[in-house]
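Reader: Hello! I would like to learn how to read a structure like this one. Could you walk me through it?

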There are 2 protein chains.
Amino acid sequence: MSYTILVIDDEQQMRDLIRMILEDAGFIVLEAGDGIQALAVLKQQEIDLCIVDVMMPYMDGFTFAEQVKRTSSIPLIFLSARGEEWDKVQGLKLGGDDYIVKPFLPGELVARIEAVLRRTYRVNPDSIVLQAGPLTISEDSHTAQLAGKPLNLTLKEFGLLLLLVKHKGRAYSREQLLELVWGDDHQSSERTIDTHVKTLRLKLGDAGKMIETVWGIGYKLEDPE
Amino acid sequence: MSYTILVIDDEQQMRDLIRMILEDAGFIVLEAGDGIQALAVLKQQEIDLCIVDVMMPYMDGFTFAEQVKRTSSIPLIFLSARGEEWDKVQGLKLGGDDYIVKPFLPGELVARIEAVLRRTYRVNPDSIVLQAGPLTISEDSHTAQLAGKPLNLTLKEFGLLLLLVKHKGRAYSREQLLELVWGDDHQSSERTIDTHVKTLRLKLGDAGKMIETVWGIGYKLEDPE
DNA sequence: CAACTTCTTGAAAGTTCATTCAGATTTCAC
DNA sequence: GTGAAATCTGAATGAACTTTCAAGAAGTTG
């Protein structure tokens, strides 16, 4: 299958360069000269990935990103000169997106794109229903069942349980749990984790024992096998 | 198994950054401020991989590489700013070593390291279950087993045992143990180590003999093979 | 906007663990 | 063998960590 990539940059020269590289690599390439144009293209065409210059007239790459993310989950790769807006790019990277520093090697760009595409469109291993003891949990359908009976979990409870089941046996600190479930920019206190663990244990009843306290560290989920 | 990585860079800040990333990823990190120091460390410690800045005082990364390769086959990963000495790095890349361009993303660095380690040591660096005699210990899950039966270890006991098993055969002073397990800012007396060793030996039963007293020095763990 | 759910927090209560000390024991050097 | 130095042991203390709870903040829904 061939992926369609939208290149958004105000410099014709850069667009040409990227088009050349990407077409060589077997992608279908569309272009836009600024964010406004790009949004229009996105409405009309099915795009698999956008390459976005950070510095653009009318609408910079980040504003564009916000607009796009509001209505879709198309992955983005940001282009930036070194040092330029470094922190912002860092922040965005965590959403499955990536960035690349100008100037770049052709192979580098292609590798990044392929990595992001793999990550985004791979046959999603998360669609597998995970299991631990009498508990099953499915990320896809956002549901969990205990011995076949549906569990009524809140958002945070679900996220917490999912992570623990996904990585059974591994111990996480409260700080790690906050980062991984709440997000890097969380503001919450570590007591919050305790409380959610408590209600999870309650809702899980006997199976709540699977969530073990690792003293001085945090929590983990141990599969009874 | 946990790998030991030597970071060689003249900038403290860069060393700190890399240390943070690598320790998060479960590696043991040592530092050297220049090539001369690094060669000294290599003589005394078992290092699995070096991360070498190309631009350094006294001895640049390439000269260092020549020296190292003369007596060992430790894999190297070169750090360079973009454009800097590009072709030289390219050339070296073919010897099983790798390079990475500054600035880099944490994940990128870890991925490179794991790739090189896999290539070099032909084992999966993610498997973190260590063994010594009838004892297995897993950093991930924070658990230890004796002949298959789970051991109930406290935080400090676990940390102590993990370190000793990680570096079987090596003797540590009580002061070193405090620094490595408790942290640099520990306040505890050396007698504390004695007590923890005592309970460890108790909990390990017969296998407790693996923890040997090195008179006048401290303790070590000897694998009965 | 009112009713409802979920999330968060801080403090009290409960539990486990780390540390210290002093006396007993072992090791080493002579 | 003897003395000095180092290590081992066991019990007591309180420091550190976890759990629980209740109340209010924040968010959602109709």
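**Reading the DNA surfaces and a sheet**

Author: Gladly! In this predicted model, DNA strand D is surrounded by 16 residues, the closest being Asp194(A), Thr213(A), Asp194(B), Lys198(B) and Thr213(B).

Reader: How many residues lie around DNA strand C, and which come nearest?

Author: There are 22, and Thr154(A), Ser189(A), Thr154(B), Lys156(B) and Ser189(B) come nearest. To read such a surface, ask next which elements supply it. Here, at least two residues each come from helix 6 (155–166) and helix 8 (190–204) of chain A, and from helix 6 (155–166) and helix 8 (191–204) of chain B. The surface near DNA strand C divides into 11 polar, six charged and five nonpolar residues.

Reader: Now the sheet, please. What is the order of the strands in the open sheet of chain A?

Author: Its three strands run in the order 10-12-11, with antiparallel pairing. Strand 10 (172–173) and strand 11 (211–214) of chain A are at the edges; each has a single partner strand, so one side of each is left without a neighbour in the sheet.

Reader: How many bridges join strand 10 and strand 12 of chain A?

Author: Two bridges, in the antiparallel sense, pair strand 10 with strand 12 (residues 218–221) of chain A. To see the pairing by residue, look for Tyr172(A), which stands opposite Tyr219(A) in strand 12 of chain A.

Definitions and conventions:
Residues numbered from 1 in each chain as written. Chains lettered and ligands numbered in written order. Predicted model: local features only at pLDDT ≥ 70, side-chain atom pairs only at ≥ 80, totals over all residues. Near = placed C-beta within 6 Å. Helix = DSSP H or I, 4+ residues; strand = E, 2+ residues; numbered from the N terminus. Nonpolar A, V, L, I, M, F, W, Y, C, P; charged D, E, K, R; others polar. Pairing = 2+ DSSP bridges.
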